[in-house]
Every structure is written in C-alpha cells, then in structure tokens.
Amino acid sequence: MKEDLRVTKTKKLLYETLINLMEEKSFEEIKVSDICKKALINRSTFYSHYSDKYELFMELINTLKLSLFNSLNTNINNVNTREYFIELISILLNHIDDKKNIYYSILINNRNSIITDIILDVVSKDINNRITNDKIRTNNIPTEIVSKFYLGAVMSIGIEYLESKNKYSKEDMIKYIDKLIPSNINL
C-alpha cells in the first residue's frame, strides 16, 4: 500500500527537524514539544505518527541504514578485490556526503554510537557477502579476520572524512586509498 503524500511530507519534516535540533543539542535534551514547535506542527500530529521521539529516531536510523545498504548493492562490477574495496569506500564517502547533516548531527554532535554500529553492520555484511559469494580466496586466513581487517579501514576512512570537515575531499580520500591498497592484492 502506498503511503499518503501528506504522511510522507510530515515524516520528512519531522526527520529534518530532529536532525536540525540534534545539531544544536543532544538527543536526550530534545523534547517532543521542541520537535513540534520547530516543525510548526501540533503534538497530536506528531503522536499520530510516532509514540515518542525514540520511535522517530529509530525510523530515521532505519531509513539511513536501508539507504546505505541499497547504495552498497551497486558495487557489483569490480574485477578484483582491490577495485571492490576502492569502490566500497567511494560509495560510503558519497553516502556520508549526501547525508552529511544526518551523520554529523548523530555521530559527531551527539556521540551516538548507533550510526557507527549501523555502518559496521551494513559494510560488514557487504564484505562478508563479497568474500563468500564471489568465492574470493583468503589464503587460509579466516574470512572474519579478512572482513574485520578491511572493515576497520573502511570505517576509519569514513569517520575521518566526516570529522575532518572538508579537510580532505572525497576525491583526495579515494586517491590516497588507491595508493595505499597494493595493485597486486591477492586474497
């Protein structure tokens, strides 16, 4: 069933309002009344969609997770492991850049680890699927070790990009990664 356009617009407004408020103060300090006041909606409208601010936050997080998952699913045309990881990091940086206000307000301003957990989960599943489904040889290294090794690098690059506040461009980050991953990588 297709969602009513008014409902979609209201939910989008509530997401954006919550993100904007989280740029100003911590999630714990935000009240439903703050969200309603800033969004210019009645509390009854809010409560017709969500039982509390936590439900709104979790829906926002799940939407972000699905968006990242869908973005990573486009990484299918790589010839080798090196190309896969460079493209994976590129997709992650693009996703962060496209949704920078969300990532920044939740991860940096609020020090909320849920974003980190989501990125870890989605990227880890993508890497594990790539290793398993493409039958990439791991040279007798357990799959979970290979996965965690690359996952740590991908996460660190994503967080550095976000925290550096435009110190490095996406293009620079990809150029650095291209130099760091050897061309003869052979898992």
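1. The side chain of Asn75 makes a polar contact with the backbone oxygen of Tyr84, at 3.2 Å. A polar contact is a pair of N or O atoms within 3.5 Å; within protein, one must be able to donate a hydrogen and the other to accept it, and residues adjacent in sequence count only if both atoms are side-chain atoms. This is a predicted model, in which local features need pLDDT of at least 70 and side-chain atom pairs count only at pLDDT 80 or more, while totals for chains, interfaces and linings use all residues. Residues are numbered from 1 along each chain as its sequence is written, and side-chain values use heavy atoms, with hydrogens and water left out.

2. Asn75 sits in the loop between H4 and H5. Helices (H or I, at least four residues) and strands (E, at least two) are DSSP runs, numbered from the N terminus. Asn75 is buried, with a relative accessible area of 5%; buried means under 20%, exposed over 50%, and partly exposed in between (1.4 Å probe, protein chains only). Leaving aside neighbours within four places in sequence, Asn75 is in contact (heavy atoms within 4.5 Å) with Tyr84, Glu87, Leu88, Ile91 and Arg130.

3. Helix H4 covers residues 53-72, and its end C-alpha atoms are 29 Å apart, which agrees with the 28 Å that its 20 residues should span at 1.5 Å a residue. The expected span is 1.5 Å times one less than the number of residues. At the start of H4, a side-chain oxygen of Asp52 comes to within 3.1 Å of the backbone nitrogen of Tyr54.

4. Which residues of H4 are buried? They are Lys53, Leu56, Phe57, Leu60, Ile61, Leu64, Leu68 and Leu72. They cover an arc of only 145 degrees around the axis, so they lie on the same side of H4. The arc is that of the directions from the helix axis to the C-beta atoms.

5. Helices H5 (residues 81-98) and H8 have axes that come within 10 Å and cross at roughly 35 degrees. Axes are lines fitted to C-alpha atoms, for helices over the stretch in contact, and angles run from 0 to 180 degrees between N-to-C directions. Residues of H5 that meet H8 include Phe85, Leu88 and Leu92, and those on the H8 side include Tyr150, Val154 and Tyr161.

6. Ile159 lies in H8 (residues 143-163) and is partly exposed, with a relative accessible area of 25%. The C-alpha atoms of Ile159 and Leu93 are separated by 9.4 Å, although the two residues are 66 apart along the chain.

7. Overall, the protein has nine helices and zero strands. Buried residues make up 44% of its 187 residues.
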